[in-house]
Amino acid sequence: MASISGARDESQLPPAEAALLELAGNDRRDALSLSDKESLTLRLYDQILEQALERALLEQDVEEASDDDDVEQQIAIAERELLEARATYSVRKKAVEAVLMTDPSLKAVHLKAVSPAERALLPLIHRRDVLALVHENLAAAHTEILEALSNAEVDNRQITEKNQRLVRTLLELTDQESSWKEEITDPKLRAQLQELEAGHKKSRARWETIKGIASAVVVASGVDWARDDALRELVLDESDD
């Protein structure tokens with residue numbers, strides 16, 4: 001069921017975005033086969049990084065809080081120092097990784113790779129560039145969709161407010177229409193008014209019946225009523241209640 005739903009959602013995307021999603025899909029070229037020695041080297045490198053982070057945290061100066069110090073303030077200071085230590089470590093880690101990746105990446109791009117591992121980097125670098133381009137375009141499309149959604153919400157709110165004003169106006173007009181009838185106190189006038197309203201309803205119903213019959217006759221006759229203004233008005237006109 002999930003795959004069917006996903007396929008239906010992707011089918012509703014514009015062709016360009018659907019093509020980008022297809023490019024960003026799983027690719028066997030994304031998997032890099034490493035030897036046991038290379039895998040061990042990467043694991044040891046990760047352990048070194050973890051130990052470096054722990055060392056950086058332990059080397060932070062921690063002031064002993066006295067009885068008069070605010071505990072919450074000390075906690076806030078400790079959290080800030082922790083964030084600063086992690087940020088410093090993260091920047092240093094990224095700088096080291098950038099230096100380590102630069103040389104083999106340049107060799108792979110300029111076809112000067114010597115080892116098999118360096119030669120295997122080229123398709124991965126191409127794949128990385130494609131994914132970066134896909135991410136940039138999808139992020140831009142996502143931003144446009146969010147902007148369109150925001151504009152639609154604003155329009156919907158304005159329409160809702162307008163409808164509320166119209167409903168209030170309609171209620172006021174309805175109250176005014178019924179109020180002047182209630183102001184008539186003469187029984188004879190009220191009876192005459194009711195009689196006139198009943199007669200008007202009967203006349204209108206009779207007229208609607210006659211007009212409906214005439215309209216049906218015109219349509220059934222085969223006459224090209226759409227080209228004649230009077231006949232078209234007779235057939236298509238909808239009377240107001």
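These legends go with a few close-up views of a predicted model.

View 1. The chain has eight helices and zero strands, where helices (H or I, at least four residues) and strands (E, at least two) are DSSP runs numbered from the N terminus. Read along the sequence, that gives α-α-α-α-α-α-α-α. Buried residues (under 20% relative accessible area, 1.4 Å probe, protein chains only; exposed is over 50%, partly exposed in between) make up 8% of the 241 residues. The chain exposes about 20400 Å², with carbon and sulfur atoms supplying 57% of it; the areas come from the Shrake-Rupley method with a 1.4 Å probe, and for residues only the protein chains shown count as cover.

**View 2. Ile125 and its contacts.** Look for Ile125 in helix H6, residues 121-182. Ile125 is buried, at 7% relative accessible area. Leaving out residues up to four places away in sequence, Ile125 touches Ser105, Ala108 and Val109, a contact being heavy atoms within 4.5 Å. Ala108 sits 17 residues from Ile125 along the chain, and their C-alpha atoms are 8.5 Å apart.

**View 3. The Arg128–Asp129 salt bridge.** The structure holds one salt bridge, meaning a side-chain nitrogen of Lys or Arg within 4 Å of a carboxyl oxygen of Asp or Glu. Here the side chains of Arg128 and Asp129 meet, at 3.3 Å from N to O. Arg128 counts as exposed at 51% relative accessibility, while Asp129, at 40%, counts as partly exposed.

**Notes.** Residues are numbered from 1 along each chain as its sequence is written, and side-chain values use heavy atoms, with hydrogens and water left out. Local features need pLDDT of at least 70 and side-chain atom pairs count only at pLDDT 80 or more, whereas totals for chains, interfaces and linings use all residues.
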